[in-house]
Amino acid sequence: MSAANTTSPAAIQSPPAAIAPVPSEDIVARKFDTCVADFIVNTGIGFSVGVVSSVLLFRRRGWPVALSTGFGAGVAYQNCNISFNPYALPGTKVLPATSERQV
């Protein structure tokens with residue numbers, strides 16, 4: 001038999017390691033980082049739309065830039081609010097915990 005034809009026994013796989021719980025401060029830090037990045041992106045997009053609309057449509061006035069930048073910041077704020085408080089969504093109902101033992 002040549003070396004190319006020999007097959008090695010299948011590697012023995014160890015059981016998957018237990019998944020370590022993520023500390024709550026790491027979860028909050030990730031959400032906050034996402035909120036900051038979302039704020040920067042949405043505000044920048046709003047600013048860009050405001051500049052373009054100001055130049056093309058409103059004869060270089062300042063209010064379209066301020067308005068659209070505020071819209072971008074407001075969208076980012078709302079996304080962050082939903083990220084930290086998912087029960088703030090319209091139509092979400094929080095049911096009280098029921099006890100399993102009935103007396």
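Is Leu 67 buried, partly exposed or exposed, and what is its relative accessibility? Leu 67 comes out as partly exposed, because its relative accessibility is 42%, which lies between the 20% limit for buried and the 50% limit for exposed. Keep in mind that the structure here is a predicted model.

**Helix 1 and the annotated stretch**

Let's start with helix 1. It runs over residues 24-56, 33 residues in total. From its first C-alpha to its last, helix 1 reaches 48 Å, close to the 48 Å expected at 1.5 Å a residue. The UniProt record, an unreviewed entry, puts a "transmembrane region" at residues 39-58. In the model, that stretch is 90% helix and 0% strand, and its end C-alpha atoms sit 26 Å apart.

Which residues of helix 1 are buried? They are Cys 35, Asn 42, Thr 43, Gly 46, Gly 50, Ser 53 and Ser 54. As for what lies over them, the cover includes helix 2, residues 63-84. A bit of helix geometry is handy when you look at that list: an α-helix has 3.6 residues a turn, so residues three or four places apart point the same way.

**The disulfide**

Searching the whole structure turns up one disulfide. Its partners are Cys 35 and Cys 80, with the sulfurs 2.3 Å apart. This pair ties together distant parts of the chain: Cys 35 belongs to helix 1 and Cys 80 to helix 2, 45 residues apart. The link of Cys 35 and Cys 80 is right-handed, with 100° about the S-S bond. Both cysteines are buried.

Ser 68 counts as buried because its relative accessible area is 13%, under the 20% cut-off.

Leu 67 is 17 residues from Gly 50 in sequence, with 7.3 Å between their C-alpha atoms. For Ser 68, the side chain reaches the backbone nitrogen of Gly 50 at 3.1 Å. Leaving aside residues up to four places away in sequence, Ser 68 touches Gly 46, Phe 47, Val 49 and Gly 50.

| Pair | What is compared | Distance |
|---|---|---|
| Cys 35 and Cys 80 | S to S | 2.3 Å |
| Ser 68 and Gly 50 | side chain to backbone nitrogen | 3.1 Å |
| Leu 67 and Gly 50 | C-alpha to C-alpha | 7.3 Å |

How values were computed. Residues are numbered from 1 along each chain as its sequence is written. This is a predicted model: local features need pLDDT of at least 70, side-chain atom pairs count only at pLDDT 80 or more; totals for chains, interfaces and linings use all residues. Side-chain values use heavy atoms; hydrogens and water are left out. UniProt positions are given in the numbering used here, feature names are shortened, and annotations may be inferred rather than shown by experiment. Helices (H or I, at least four residues) and strands (E, at least two) are DSSP runs, numbered from the N terminus. The expected span of a helix is 1.5 Å times one less than its number of residues. Buried means under 20% relative accessible area, exposed over 50%, partly exposed in between (1.4 Å probe, protein chains only). Contact means heavy atoms within 4.5 Å. A disulfide is a pair of cysteine sulfur atoms within 2.5 Å. A polar contact is a pair of N or O atoms within 3.5 Å; within protein, one must be able to donate a hydrogen and the other to accept it, and residues adjacent in sequence count only if both atoms are side-chain atoms.
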